[in-house]
Amino acid sequence: MNRSESMDLDAYVERTLNGPCFICAIVAGDPAHDLEEILYEDEAHLAFLARYPTVPGYTLISPKAHVEHAVRDLDEDAYLALMAVVRKVALAVEAVVPSERTYLLTLGSQQGNAHLHWHVAPLPPGTPYREQQFHALMSENGLIPWSPEQARELADRIRAALGEGPRLGTLEA
């Protein structure tokens with residue numbers, strides 16, 4: 001796997017600690033997030049390709065409402081509905097992106113990236129063991145070179161696997 005793109009980790013940390021919530025900005029239609037490739041959307045949830053992918057098909061899934069804790073902030077029905085979306089999107093990603101295993105985890109902090117979101121990260125087949133697990137997710141180890149055109153093409157394939165079709169409109173508020 002080619003992870004030759006470097007990431008400006010200091011700028012990323014600055015944005016996440018001091019900038020607006022990136023998921024709320026996407027939901028609100030902030031033009032700074034026009035490049036986000038939305039894969040799935042319903043009244044309560046959103047799934048989109050990660051802007052800084054460390055593996056092909058890296059996807060984020062979140063509730064649209066700004067909630068910060070997977071256990072305390074969601075009642076059982078909301079939690080199960082979110083997990084059903086995570087599973088549905090992960091299966092579509094696996095149908096399109098070859099993977100040895102698909103990592104599902106939620107990351108974030110009250111300090112930054114507080115909006116609850118799940119990571120769906122398909123581990124490319126043949127990835128050496130030393131480069132798996134958290135190593136495969138860490139942007140400090142490099143990003144895959146990824147153009148907006150490549151993201152759009154992959155997003156179209158995943159949307160097709162979801163039965164969503166190509167993305168034409170804007171987010172529903």
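Biologist: Arg157 and Glu153 in helix α5: how are they separated?
Modeller: They sit four residues apart in helix α5, so about one helical turn lies between them. Keep in mind that this is a predicted model.

Biologist: What do their side chains do?
Modeller: The side chains of Arg157 and Glu153 meet in a salt bridge, at 3.5 Å from N to O.

Biologist: Is Glu153 in that pair buried or partly exposed? And Arg157?
Modeller: Glu153 is partly exposed, with a relative accessible area of 40%. Arg157 is partly exposed too, at 38%.

Biologist: What does Arg159 pair with?
Modeller: Asp156, through a salt bridge whose closest N and O atoms are 2.5 Å apart. Both residues lie in helix α5, three residues apart, about one turn of the helix.

Biologist: And how covered are those two?
Modeller: Arg159 counts as buried, because its relative accessibility is 3% and the cut-off for buried is under 20%. Asp156 is partly exposed, with a relative accessible area of 31%.

Biologist: Which residues are joined into one network with them?
Modeller: Glu37 and Arg152 come in as well: salt bridges with shared partners link Glu37, Arg152, Asp156 and Arg159.

Biologist: How many salt bridges are there?
Modeller: The count comes to six. One of them joins Glu36 to Arg51, with 2.9 Å between the closest N and O atoms.

Biologist: Which parts does that Glu36 and Arg51 pair tie together?
Modeller: Glu36 is in the loop between α2 and β1, and Arg51 is in the loop between β2 and β3, so the pair ties together parts that are 15 residues apart in sequence. Glu36 counts as buried at 10% relative accessibility, whereas Arg51 is partly exposed at 35%.

Biologist: Switching to the inside: how many residues does the largest nonpolar core have?
Modeller: It has 25 residues, and Ile61, Val89 and Ile158 have the most contacts inside it. The elements giving two or more residues to this core are β1, β2, α3, β5 and α5. Among these, α3 gives the most, with eight residues.

Biologist: What does Val89 touch?
Modeller: Leaving out residues up to four places away in sequence, Val89 touches Tyr40, Ala47, Thr59, Ile61 and Leu162. Apart from that core lies another one of 16 residues, including Leu46, Ala50, Tyr103 and Ala136.

Biologist: OK, the outside now. Which residues form a nonpolar patch on the surface?
Modeller: Leu107, Phe134 and Met138 form one, with about 300 Å² of accessible area together. Phe134 is found in helix α4, and this residue is exposed, with a relative accessible area of 56%.

Conventions: Residues numbered from 1 in each chain as written. Predicted model: local features only at pLDDT ≥ 70, side-chain atom pairs only at ≥ 80, totals over all residues. Heavy atoms only, no water. Patch = residues over 30% accessible without salt bridge, like charges linked within 9 Å, V, L, I, M, F, W, Y side chains within 5 Å. Areas by Shrake-Rupley, 256 points an atom, 1.4 Å probe, with all protein chains shown as cover. Salt bridge = Lys/Arg side-chain N within 4 Å of Asp/Glu carboxyl O. Buried < 20%, exposed > 50% of the residue type's maximum accessible area, 1.4 Å probe, protein only. Core = buried A, V, L, I, M, F, W, Y, C linked by side-chain atoms within 4.5 Å. Contact = heavy atoms within 4.5 Å.
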